[in-house]
Amino acid sequence: MKIRGVLLACSAGALWALSGIMCQILFEEYLVSPEWLASVRLLTAGVLLTGLNLFQRKGPRRKFSPSDFFSLLLFSLIGMLGVQYTYFKAIQYSGAAIATILQFTGPIFIFIFLVMNKEKKINFVEVLLMAATFLGVFLIVAEGSIQTLNISPMGFAMGIASAITLAFYTLQPRKLLIKYGEMRIAGLGMLIAGLAFQPLRPIWRPEFQMDGYSLGLVISIIIFGTALPFLFQLSSLRFIEASLASVLTVVEPILATILSVVLFHSLFVKVQLLGFVVVIGSVILLTRLSDKKVLPEDELIK
């Protein structure tokens, strides 16, 4: 049974990696707006997940209190919308591989917040792992030297912003997830965020030349890059613990890097590849060392 959970969690990471690659294709070959893609992805996936949740649930449903509804709005507009938009912008400016590895540093910001909020005690080993993570990011984006900076400032800023917003939507809705359920909160969060984006980039105005290939990519991103990996990640928790499920999504940055080299002929020097290894290894160790009782319901909804 544990093997099934491992396979589901790894599949979620692989699908998220493929989603990033498909987004990069749309940005580079069709000049798709990240704003429009975030708009259509959030709204459509929100409808799918909310509809599935309504179909599965039977009997009366708990109503949101005013304070819980306000928390849901914050989660939707700052967390869900923020992480999707900044991640897409990071891909646009820096490519799927670097955007993914920068977002993968999200657990570092989760750790910092928990320590500042006195929910967790800091220790020397975890400080070293955090330092190693930032060193790895430095090796990736600067090739070991500020003079050889190999990433646009906007790409770096959006990548770090995606990690920070990832931390926000992981931590902020913890009580909502326990009270109302993961799928309901995720679906409503996507739906609200997607609706909020409509005045800026309505889904009926793609503003690019849509053909069968680009339409297929958009549909694939919605289904295989959003709805399915979330369901796989959620289903994996029936067989393995949450901390292990989160660590197994390390498949995402690894696969994104490999596909970037194969499909886009991205060139990474040895120092950058070392940076990838350092970041991935440090985050995995930090996640495994973290107290499992701190975040009993933390699920990274991508």
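**Reading the terms in this model**

Modeller: Glu-207 lies in the loop between α9 (182–197) and α10. The model is predicted: local features need pLDDT of at least 70 and side-chain atom pairs count only at pLDDT 80 or more, while totals for chains, interfaces and linings use all residues. Residues are numbered from 1 along each chain as its sequence is written, and side-chain values use heavy atoms, with hydrogens and water left out.

Colleague: Why does Glu-207 count as exposed?

Modeller: Exposed means over 50% relative accessible area, buried under 20%, and partly exposed in between (1.4 Å probe, protein chains only). Glu-207 is at 58% relative accessibility, so it counts as exposed.

Colleague: What is the phi of Glu-207?

Modeller: Phi is positive, about 60°, although Glu-207 is not a glycine. Most residues other than glycine have a negative phi. Leu-31, in the loop between α1 and α2, also has a positive phi, of about 55°. Its relative accessibility is 67%, so Leu-31 too counts as exposed.

Colleague: Which residues is Ser-19 in contact with, leaving aside neighbours within four places in sequence?

Modeller: They are Arg-41, Ile-221 and Gly-225, where contact means heavy atoms within 4.5 Å. Leu-18 and Gly-225 are 207 residues apart in sequence, yet their C-alpha atoms are 7.1 Å apart in space.

Colleague: How many helices and strands does the protein have?

Modeller: There are 13 helices and zero strands. Both are DSSP runs numbered from the N terminus: helices are H or I with at least four residues, and strands are E with at least two.

Colleague: At what angle do the axes of α2 and α10 cross?

Modeller: Helix α2 (residues 34–56) and helix α10 (residues 212–236) cross at roughly 45°, their axes coming within 9 Å. Axes are lines fitted to C-alpha atoms, for helices over the stretch in contact, and angles run from 0 to 180 degrees between N-to-C directions.

Colleague: Why is α2 called oblique to α10?

Modeller: Under 35 degrees is roughly parallel, over 145 roughly antiparallel, 65 to 115 roughly perpendicular, and the rest oblique. The angle of roughly 45° makes α2 oblique to α10. Residues making the contact include Trp-36, Leu-37 and Arg-41 of α2 and Ile-221, Gly-225 and Phe-230 of α10.

Colleague: How do you know which classes make up the contact of α2 with α10?

Modeller: Ala, Val, Leu, Ile, Met, Phe, Trp, Tyr, Cys and Pro count as nonpolar, Asp, Glu, Lys and Arg as charged, and the others, Gly among them, as polar. On that basis the contact of α2 with α10 has 13 nonpolar, three polar and one charged residues.

Colleague: At what angle do α3 and α4 pack?

Modeller: Helix α3 (residues 66–94) and helix α4 (residues 96–103) pack at about 140°, with axes 7 Å apart. That makes α3 oblique to α4. Their contact has seven nonpolar, three polar and no charged residues.

Colleague: Which residues do ring pairs link into a cluster?

Modeller: Tyr-30, Trp-36, Phe-208 and Tyr-213. Rings of Phe, Tyr and Trp (its six-membered ring) pair if their centres lie within 6.5 Å; planes under 30 degrees apart count as stacked, over 60 as edge-to-face and the rest as tilted. The count by this rule is eight aromatic pairs.
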